[in-house]
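Open the model in your viewer and keep the sequence panel beside it. The stops below say what to select and what is found there.

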Amino acid sequence: MSAATTRSRTPDRLCAEAVDLARAAAEEAAAPGVVGEHAGVESDGDRVVTHFFECKEFGYRGWRWAVTVARASRAKLVTLDEVVLLPGPDSLLAPEWVPWSERLRPGDMGPGDLLPTDAEDLRLEPGYTGEDEPPPNSAVSEEMAELVESEDAEVTAGAPSALPVAPTRGSIAAVAEELGIRRARVLSRYGLHVAADRWEDGFGPKTPMAQAAPAACVSCGFLVAIGGSLGQAFGVCANEFSPADGHVVSLAYGCGGHSEAAIMPKPPQPPAPVIDETMVDPFPLRPSADSGSVPVGADEETAELGHS
């Protein structure tokens, strides 16, 4: 450890003894009677010391008045640097600010509310792009052609049923059971209409939420399609912040959590504060004679009170 570092951690003697100068500065900046006892001294550098005083003002429990004093090299005169009210280790502070997108919880959205979606939302991905390319696992795709060439595989000509040795298949009932469609009874036309009416009453186009929505669910990225004939008019909502999350919704239903309702812009980053310590801003206690507030040549009583 160098000698300069040792000196900077040890408070300067003359600056540390300037308690009266620091208290007078704190009492001048604060309201009368709110500056308490001296609470310690802290060294900020060579010949720079900060005095702490307790704050007795209501609502500032644990805060301290910090008065920084300094002196020039080889000088015995201690001068005032700054006075500021700072929180102490046990002071009461406001909680850390949390963005609204992180404070939002399921069920907070009401009719007319909009939930902007981030452009890089991990819950969404690009849909159909218009490129007519075969899927990667298609037999005509370039990936499969390269795989066949690298693996030295043989592509069979025709369906497996046309091959000399066709795989054995089970009965129709076994295939139906494997596909999950071997049921004794299914919904009738009446049952489908009753279910559709019931679902539209809960999450349909005539609900207050859908009336105030910016768009319908049919164009929302959080809509999960369902199979069957009801899939032409209904789907399942997969937006955790939507009041219809996990429910069957009509394609004409909508809420403020629509994926394309609004794209949440990135919060602006304010520039770092620039403090000009080379200039001094004068704050006169009385207006100048040529400012127009006090007429030129007014008597002393008029100049003291300003406008008559």
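**Stop 1: a turn and its arginine**

Select Arg47, which is found in the loop between strand 1 (35-45) and strand 2 (48-55). Helices (H or I, at least four residues) and strands (E, at least two) are DSSP runs, numbered from the N terminus. This is a predicted model, in which local features need pLDDT of at least 70 and side-chain atom pairs count only at pLDDT 80 or more, while totals for chains, interfaces and linings use all residues. Residues are numbered from 1 along each chain as its sequence is written, and side-chain values use heavy atoms, with hydrogens and water left out.

Arg47 is not a glycine, yet its phi is positive, about 60 degrees. Most residues other than glycine have a negative phi. Is Arg47 buried, exposed or partly exposed? Its relative accessible area is 29%, so Arg47 is partly exposed; buried means under 20% relative accessible area, exposed over 50%, and partly exposed in between (1.4 Å probe, protein chains only).

**Stop 2: the strands on either side**

Now show strand 1 and strand 2 together; they form a hairpin with 2 residues between them. The two strands run antiparallel and are joined by 7 bridges; strands count as paired if DSSP finds at least two bridges between them. Select Gly45 to see Val48 of strand 2 standing opposite. Strand 2 is mostly covered, with 6 of its 8 residues buried.

**Stop 3: another loop**

Go on to Arg74, in the loop between strand 3 (63-70) and strand 4 (79-87). Arg74 has a positive phi of about 65 degrees and is not a glycine. With a relative accessibility of 85%, Arg74 counts as exposed.

**Stop 4**

Strand 6 is joined by 3 bridges to strand 7 (residues 234-237), and the two run antiparallel. Leu223 stands opposite Cys237 in strand 7.

**Stop 4: an enclosed space**

The structure holds 1 cavity of 30 Å³ or more. On a 1 Å grid over the protein atoms alone, a cavity is a set of points where a 1.4 Å probe fits but cannot get out, and lining residues have an atom within 4 Å of a point. The largest cavity contains about 90 Å³ of space, a volume being the space filled by probe spheres set on the points, which are joined across faces, edges and corners. Of its 13 lining residues, select Cys217, Cys220, Phe222, Cys237 and Cys255, the closest to its centre.

**Last stop: the whole chain**

Zoom out to 9 helices and 9 strands. Of the 308 residues in the chain, 23% are buried.

Note on methods:
On a 1 Å grid over the protein atoms alone, a cavity is a set of points where a 1.4 Å probe fits but cannot get out, and a pocket is an open set with protein on both sides within 12 Å along at least five of seven lines; lining residues have an atom within 4 Å of a point.
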